[in-house]
Amino acid sequence: MSIAEIDLHSALKKYFGFSEFKGLQEEVIKNVVAGNNTFVIMPTGGGKSLCYQLPALIAEGTAIVVSPLIALMKNQVDAIRAVSEHEGVAHVLNSSLNKTEVKRVKDDITNGITKLLYVAPESLTKEEYVDFLRTVKISFMAVDEAHCISEWGHDFRPEYRNLKTIIKRIGDDIPIVGLTATATPKVQEDILKSLGMPNAVTFKASFNRPNLYYEVRPKTKTVDADIIRFVKQNDGKSGIIYCLSRKRVEGLAQVLQVNGVKAVPYHAGLDAKTRVKHQDMFLMEDTDVVVATIAFGMGIDKPDVRFVIHHDIPKSIESYYQETGRAGRDGGEGHCLAYYAYKDIEKLEKFMAGKPVAEQEIGHALLQEVVAFSETSVSRRKFILHYFGEEFDNETGEGGDMDDNVRFPKKQVEAQDDVKI
Ligand code: ADP
Ligand code: MG
């Protein structure tokens, strides 16, 4: 082991308390430390944050971290401060700071104390901040959730579009690190282009989740009864049931309760107190099932979710992958069951009606993939991984037999060439 490697390991231990790097982390970090443009594609939970946090802590100067979620930035800053000698090691720069606070942040940066500066992309449009950042030593720029830059991603944020120009203004040769959990080739291409780093070294982890079992059932009138049966067969296990509408969430939660299942609803229409309460009940296992809209899940880290049911099919394969990905985080069993009716696709199409044409076209193309996935007789896993630009061989790949189409192949309808009328 070279001295540099020992240093990385001791920094890992010192700042994060871990003894080993996870997956591609070490290679990524070496590349960042070397000052190269870097592109990191890893599924959620893969450990992307550490890929910029650790290099930032050992580099000279301040790393700027762009992230869209203020709550997550705050969490990260608190975590880093907890293991550092100086509180100024990490700061968030945003519009909520008063003059004194901004001065404090600037002083800490100027004095070389601040290693990580978190900013929302809209804060970087402030002339005053950019002018200041031009005058100090920036180690590199990390763009977390980089798919927000692409209209083909599931979470497009127009503010991300200006990043390339802003980064150039802060410094011409600042290395850029882009990170995302969205792996479709289109989004990747968009990110590299929009961040202006065609030469970035790309690190892509596998998106295969071998312990998840994928199943799609046709959606009929008896879907609720079918779900109740499934949940009862999985008595005492934790699960999430996703529905499209708040009304459906309430309705299904009630039906489950009436049938003796411990279930609570979760959607953005509930007041904050109830939402927190229901989320905590799920984490503390006071309830087995959460019936929810997609508002539920961001940042939920319950390792032993045993099933994720989609009462309504999601609007893209990315969403499906993210939502089913909340099952089996601990590596144990995770059953992903989705109900599909073409009628629901039409419903989703209708939702887009008022949107700009370009957005509708993208939405439509993403939905067509969902249709193909739902109707395919090919391995679901193979389909998903192919969608993410990954080849998968069911014979040799991990989890190769873990979906309905592989376990129960649909009977091929024989072509009949001698049909008599
Ligand atoms: P991502 O951003 O890719 O979704 P995070 O950076 O939030 O993932 O990390 C996911 C989890 O993995 C966190 O709880 C983090 O503490 C943990 N983690 C990261 N790196 C390591 C490691 N080397 N060893 C053990 N746990 C790790
Ligand atoms: Mg992350």
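**Exercise 1. Work out how helix 13 and helix 14 lie against each other, and which residues meet.**

Step 1. Find the axes: those of helix 13 (residues 342-351) and helix 14 (residues 357-375) come within 11 Å and cross at roughly 170°. Axes here are lines fitted to C-alpha atoms, for helices over the stretch in contact, and angles run from 0 to 180 degrees between N-to-C directions. Helices (H or I, at least four residues) and strands (E, at least two) are DSSP runs, numbered from the N terminus.

Step 2. Helix 13 is therefore roughly antiparallel to helix 14; angles over 145 degrees count as roughly antiparallel, under 35 as roughly parallel, 65 to 115 as roughly perpendicular and the rest as oblique.

Step 3. From helix 13, Ile345, Leu348 and Glu349 meet His364, Leu367, Val370 and Val371 of helix 14. Contact asks for C-beta atoms, placed from the backbone, within 7 Å.

Step 4. Sort these residues: five are nonpolar, one polar and one charged. Ala, Val, Leu, Ile, Met, Phe, Trp, Tyr, Cys and Pro count as nonpolar, Asp, Glu, Lys and Arg as charged, and the others, Gly among them, as polar.

Before going on, please note that this is a predicted model: local features need pLDDT of at least 70, side-chain atom pairs count only at pLDDT 80 or more, and totals for chains, interfaces and linings use all residues. Residues are numbered from 1 along each chain as its sequence is written, while chains are lettered from A and ligands numbered from 1 in the order in which they are written.

**Exercise 2. Trace the sheet that contains strand 8 and strand 10.**

Step 1. Six strands in the order 8-13-12-9-11-10 make an open sheet with parallel pairing; two strands pair if DSSP finds at least two bridges between them.

Step 2. Look for the edges: strand 8 (212-218) and strand 10 (263-266) each pair on one side only.

Step 3. Follow strand 8 to strand 13 (residues 334-340), its parallel partner over seven bridges. Glutamate 215 has leucine 337 in strand 13 as its bridge partner.

Technical notes
Contact = placed C-beta atoms within 7 Å.
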